[in-house]
Amino acid sequence: MSVISELVAALSPERVLTDPDVTDSYARDRTFLEPGRPLAVVLAEGRDDVVATLRWATEHRVPVVPRGAGSGLAGGATSVEGCVVLALHRMTAIRELSPADEIAVVEPGVITADLDRAARAHGLMYAPDPSSYEISTIGGNLATNAGGLRCVKYGVTRDSALGLEVVLADGRVLETGRRTVKGVTGYDLTGLFVGSEGTLGVITSATVRLRRAPAVYPATIAAEFTSLRDAAAAVAAIIAAGCQPSLLEMLDRTTLKAIDDWRNIGLEATTQAMLIAQSDAADGPSVAERMARLCAEHGSPFVAVSSSEQEAEELVGVRRLAYQAKERLGKCLVEDVCVPRSALPYMIEKVEAIAARHGVLIATVAHAGDGNLHPVFVFDHGLAEPPPEVWAAADEVFREALGMGGTLTGEHGVGLLKRRWLALEAGPVTEEVHHGIKRVFDPLGILNPGKAI
């Protein structure tokens, strides 16, 4: 019996795909990276399928690449040569939703927005909301510790993860965490697995925290600026004033022009940046007016304040168009540096200067309230990978961010794309500890090899 025949026997022919034309569609994420050829794709429909796959993979020492919706931007779900892609998108059950405890128990294939909609039927919400929330899965969000537009107030995915069910490399099932908001028994294994990018185990269920949904739709503003520096100064003023926005996003002119060329948003010739902010507090409208005044005081010539739920959705909708608009310009190297909030104006200036120095098109959006910037390096559609000047510009951006006390990635993960810079941030002791942890959970090195560390 062949190796793959044994896998088919352990599962079923319908759950193991081997046709190269079909498996190729599961081999990529949203990066330009060229994947390796997988031996097969497993369409897992439950925990037992994951257990059987990993037991088989351990026996035959076959690498396994876990995959959710394939919406990742760092290459974390890109297949490696000779691997099995373990696709979890069919595991879509919301096993439990408890309004009394404000928790949900969900499988990894649940779409982020679907969980939020299910929670809102009970007056609750699931706070993490990455820009891909309508297509990304909870499992993928957990794997990368995804953030999102609301993370300025509610934190990233790790802040909403209470407990996990994880299948280890040898097929054993580990349960971490708890259903309670508090608990310090033992090491924080839940926190360890969140953000581990599928290198330590495969998450098959998660207990996540829900929060009370706002009683009214968040009040929203959009402020235009004639310079990025003014927009960043307004961000600092909004935070310093204690406005506690539930969303605070910034878009540069390159991004706005890409959106305007696509959707005709009426971009003014003098606009160099836009801030979009929300408050979901009980006094949200007054907070929005306060944020609008602060923007005007810091140089905004025009501020729009929403007067209805529809207007609020339209303003935030501009932000959610950003990545798709940039993809229309060319292939994208999407980066994800994060700096202390006080360093945001300086980091933005550095990105602009780096773009000019290397002659590279960089379109930047930012979760500005967190100091998390997404400079997107756009290059020609006809190229297989970024040209040397793009890599050189990216290298400078990373080094500048680290020099300001920042990090290489705030929410996308390391994947494959950032491994070349990992040693700049981690250092030899941290790297040694990371590899030691990896050996404990995955001694054969079969789980998502070559990713994250």
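A: A helix axis here is a line fitted to the C-alpha atoms over the stretch in contact, and angles run from 0 to 180 degrees between N-to-C directions. Keep in mind that this is a predicted model.

Start with the helix pair. Helix α8 spans residues 228–240, and helix α13 spans residues 344–358. Their axes come within 9 Å and cross at roughly 160°. Angles over 145 degrees count as roughly antiparallel, so α8 is roughly antiparallel to α13. The crossing of α8 past α13 is right-handed.

Which residues make the contact? On α8 they are L228, R229, A232 and V235. On α13 they are L344, P345, Y346, I348, E349 and E352. By class, the contact of α8 with α13 has seven nonpolar residues, three charged residues and no polar ones.

Next, strand β18, residues 372–379. Eight of its eight residues are buried, so β18 is largely enclosed by the rest of the structure. N372, H374, V376 and V378 point one way from the strand. L373, P375, F377 and F379 point the other way. Residues on either side of β18 are buried.

Two strands pair with β18. Strand β16, residues 331–334, pairs with it in the antiparallel sense over four bridges. Here C332 has V378 of β18 as its bridge partner. Strand β17, residues 361–367, is also antiparallel to β18, over seven bridges. β17 and β18 form a hairpin with four residues between the strands. G371 in this hairpin takes a positive phi near 75°.

Now the sheets. In general, strands of a sheet pair through backbone hydrogen bonds, either parallel or antiparallel.

β1 pairs with strand β2, residues 40–43, in the antiparallel sense over two bridges. V16 stands opposite V42 of β2.

Another open sheet has five strands, ordered β5-β6-β10-β8-β9, with antiparallel pairing. Its edges are β5 (94–98) and β9 (173–177). Each of these has a single partner strand, so one side of each has no neighbour in the sheet. From one strand to the next, the twist averages 10°. Strand β8, residues 161–167, pairs with β9 in the antiparallel sense over five bridges. V167 stands opposite V173 of β9.

Helix α4, residues 112–120, touches β5, β6 (103–106) and β10. The direction of α4 makes about 35° with that of β5.

Terms used
Residues are numbered from 1 along each chain as its sequence is written. This is a predicted model: local features need pLDDT of at least 70, side-chain atom pairs count only at pLDDT 80 or more; totals for chains, interfaces and linings use all residues. Side-chain values use heavy atoms; hydrogens and water are left out. Angles under 35 degrees count as roughly parallel, over 145 as roughly antiparallel, 65 to 115 as roughly perpendicular and the rest as oblique. A crossing is left-handed if the near helix is turned anticlockwise from the far one by less than a right angle, and right-handed if clockwise. Contact means heavy atoms within 4.5 Å. Ala, Val, Leu, Ile, Met, Phe, Trp, Tyr, Cys and Pro count as nonpolar, Asp, Glu, Lys and Arg as charged, and the others, Gly among them, as polar. Buried means under 20% relative accessible area, exposed over 50%, partly exposed in between (1.4 Å probe, protein chains only). Two strands pair if DSSP finds at least two bridges between them.
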